[in-house]
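Here are my notes for your first look at this fold. Keep the structure open while you read, and find each residue as it comes up.

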Amino acid sequence: MKKSILAILIAALVLTFCACGSATADSAAQPDSAAQETAKEAEVNATIEEATVETDKFDLDAYKESASNFRSEAYAASVILANMANYENNYWKAAGSLSDGIVAAAYKWLAQNSDESQETVETDNEDIRTAYKDLILTDFGDNAEAAEIDTGVRALYDGYSELYNTVLNPSGSRGHFASNVSDLISEIQSANDDLLLFLPEEAQ
């Protein structure tokens, strides 16, 4: 009788251990659903962060190329405007006073003595304004070299823009006009030289 009871108890214990082992194995094979969701979220967040960093990465070489193109266009346009200003000064001097037709006369002289015209001057101005806007809206973070280029770009555009307005809207005395143009040309030349220190040599 005792042997039978012992056998029954042993069988029960074996079944219990088997059941426990099976439950443990199932539990190990099926991780907690909350843990699974947390792991998935962490993986997704890591992927998003990696993509964001890649997208926001500043490309100094591309920025330099854009700045080089801007410098070239703004400087060339400034040379054209300086020549128009010189003509206007001589025209003003010969006329003895500022006349309403001085800008039209300067454009006519320009077309007769170069491949430029009122249309190209105005188109160049629009292109330069667009390029300038794109450059100053570039987020270059704490890149020191880009910051120096940005300073030069702003200085060159300020000089070019003021020269453009001065030549196309002459006012005041002839002496003041000539002095103002001279100062602006010096500012443009200085800004151009500063930019050339940082831009790729092949773009110069």
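1. H3 and H5 pack with their axes 10 Å apart, at an angle of about 150°. Angles over 145 degrees count as roughly antiparallel. H3 and H5 are therefore roughly antiparallel to each other. The crossing of H3 past H5 is left-handed. Bear in mind that this is a predicted model.

2. Which residues make the contact between H3 and H5? From H3 come Tyr63, Ser66, Ala67, Phe70, Glu73, Ala74, Ala77, Ile80 and Leu81. From H5 come Val121, Asp127, Ile128, Ala131, Tyr132 and Leu135. Sorted by class, this contact has 12 nonpolar, one polar and two charged residues.

3. Now turn to H3 and H4. Their axes come within 9 Å and cross at roughly 125°. That angle makes H3 oblique to H4. Here H3 passes H4 in a right-handed crossing.

4. Look at the residues in this second contact. H3 uses Ile80, Asn83, Met84, Tyr87, Glu88, Tyr91 and Trp92. H4 uses Ile102, Val103, Ala105, Ala106, Tyr107, Trp109 and Leu110. By class, the contact of H3 with H4 has 12 nonpolar residues, one polar and one charged.

5. Step back to the whole chain. The protein has seven helices and zero strands. Along the sequence the pattern reads α-α-α-α-α-α-α. The protein has 204 residues, and buried residues make up 26% of them. Take the contacts with a separation of 6 or more: 75% of these join residues 24 or more positions apart.

6. Next comes the core. In soluble globular proteins, nonpolar side chains tend to be buried together. In this model the largest nonpolar core holds 38 residues. Phe70, Leu81, Met84 and Val153 touch the most other members. At least two core residues come from each of these helices: H3 (60-95), H4 (102-113), H5 (118-136), H6 (144-168) and H7 (174-196). Which helix gives the most to this core? It is H3, with 11 residues.

7. Follow Val153 in more detail. Leave aside its neighbours within four places in sequence. Val153 is then in contact with Ala67, Phe70, Tyr132, Leu135 and Leu195.

8. Is Thr166 buried or exposed? Thr166 sits in helix H6. Its relative accessibility is 14%. The cut-off for buried is under 20%, so Thr166 counts as buried. Not counting residues up to four places away in sequence, Thr166 touches Phe177, Asn180, Val181 and Leu184.

9. Finish with Arg129, which lies in helix H5. At 43% relative accessibility, Arg129 counts as partly exposed. Arg129 and Ala74 are 55 residues apart in sequence. In space they are 9.3 Å apart, C-alpha to C-alpha.

Conventions:
Residues numbered from 1 in each chain as written. Predicted model: local features only at pLDDT ≥ 70, side-chain atom pairs only at ≥ 80, totals over all residues. Heavy atoms only, no water. Core = buried A, V, L, I, M, F, W, Y, C linked by side-chain atoms within 4.5 Å. Buried < 20%, exposed > 50% of the residue type's maximum accessible area, 1.4 Å probe, protein only. Helix = DSSP H or I, 4+ residues; strand = E, 2+ residues; numbered from the N terminus. Contact = heavy atoms within 4.5 Å. Axes fitted to C-alpha atoms, helices over the stretch in contact; angles between N-to-C directions. Parallel < 35°, antiparallel > 145°, perpendicular 65-115°, else oblique. Left-handed = near helix turned anticlockwise from the far one by under 90°. Nonpolar A, V, L, I, M, F, W, Y, C, P; charged D, E, K, R; others polar.
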